[in-house]
Amino acid sequence: MKVKRYARADREACAACGACLNECPRGAIEIWRGCYASVEAERCAGCGRCAMICPAGAMKILTRED
């Protein structure tokens, strides 16, 4: 089984500042309707750059088994 890492934003904590958007090397993050960050899990590499840069601490790195 392969383990995949990916980011997910906490909608309640996200300030929609766009810091994660600019940091993502794969362009997997967008700001949804100006309200919160949304991550396209299939494009996300799970590198954690978004989580490190997020001033609100809203980005979390999760794992799943494929």
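Trainee: Ala-28, is that one buried or exposed?
Mentor: Ala-28 is buried, because its relative accessible area is 4%. Buried means under 20% relative accessible area, exposed means over 50%, and partly exposed is in between, with a 1.4 Å probe and protein chains only.

Trainee: What kind of model is this, and how are residues numbered?
Mentor: This is a predicted model, in which local features need pLDDT of at least 70, side-chain atom pairs count only at pLDDT 80 or more, and totals for chains, interfaces and linings use all residues. Residues are numbered from 1 along each chain as its sequence is written, and side-chain values use heavy atoms, with hydrogens and water left out.

Trainee: Back to Ala-28. Where does it lie?
Mentor: Ala-28 is in the loop between H1 and E2. Those labels are DSSP runs numbered from the N terminus: helices are H or I with at least four residues, and strands are E with at least two.

Trainee: And what does Ala-28 touch?
Mentor: Leaving out residues up to four places away in sequence, Ala-28 touches Ser-38, Val-39, Glu-40, Arg-43 and Cys-44. Contact here means heavy atoms within 4.5 Å. The C-alpha atoms of Ala-28 and Cys-44 are separated by 5.4 Å, with the two residues 16 apart along the chain.

Trainee: Next, the strands. How many bridges join E2 to E3?
Mentor: Four bridges join E2 (residues 29-32) to E3 (residues 36-39), and the two strands run antiparallel. Two strands pair if DSSP finds at least two bridges between them.

Trainee: Which residues face each other there?
Mentor: Ile-31 has Ala-37 as its bridge partner in E3, and Glu-30 stands opposite Ser-38.

Trainee: What about the turn?
Mentor: E2 and E3 form a hairpin with three residues between them, and Arg-33 in that turn has a positive phi of about 50°. Arg-33 is also exposed, because its relative accessible area is 66%.

Trainee: Where is Ala-16?
Mentor: Ala-16 is in the loop between strand E1 (3-9) and helix H1 (19-23). The C-alpha atoms of Ala-16 and Arg-33 are 9.4 Å apart, and the residues are 17 apart along the chain. Trp-32, in strand E2, is 8.3 Å from Ala-16, C-alpha to C-alpha.

Trainee: Changing topic. How many disulfides are there?
Mentor: Zero disulfides, where a disulfide is a pair of cysteine sulfur atoms within 2.5 Å.

Trainee: What is in the largest one's lining?
Mentor: The largest cavity holds about 90 Å³ of space, a volume being the space filled by probe spheres set on the points, which are joined across faces, edges and corners. Its lining has 16 residues, and Cys-24, Pro-25, Cys-44, Cys-47 and Cys-50 lie nearest its centre.

Trainee: And the second largest cavity?
Mentor: The second largest cavity holds about 70 Å³. It is lined by 13 residues, with Cys-14, Ala-15, Cys-17, Cys-20 and Cys-54 nearest its centre.

Conventions
On a 1 Å grid over the protein atoms alone, a cavity is a set of points where a 1.4 Å probe fits but cannot get out, and a pocket is an open set with protein on both sides within 12 Å along at least five of seven lines; lining residues have an atom within 4 Å of a point.
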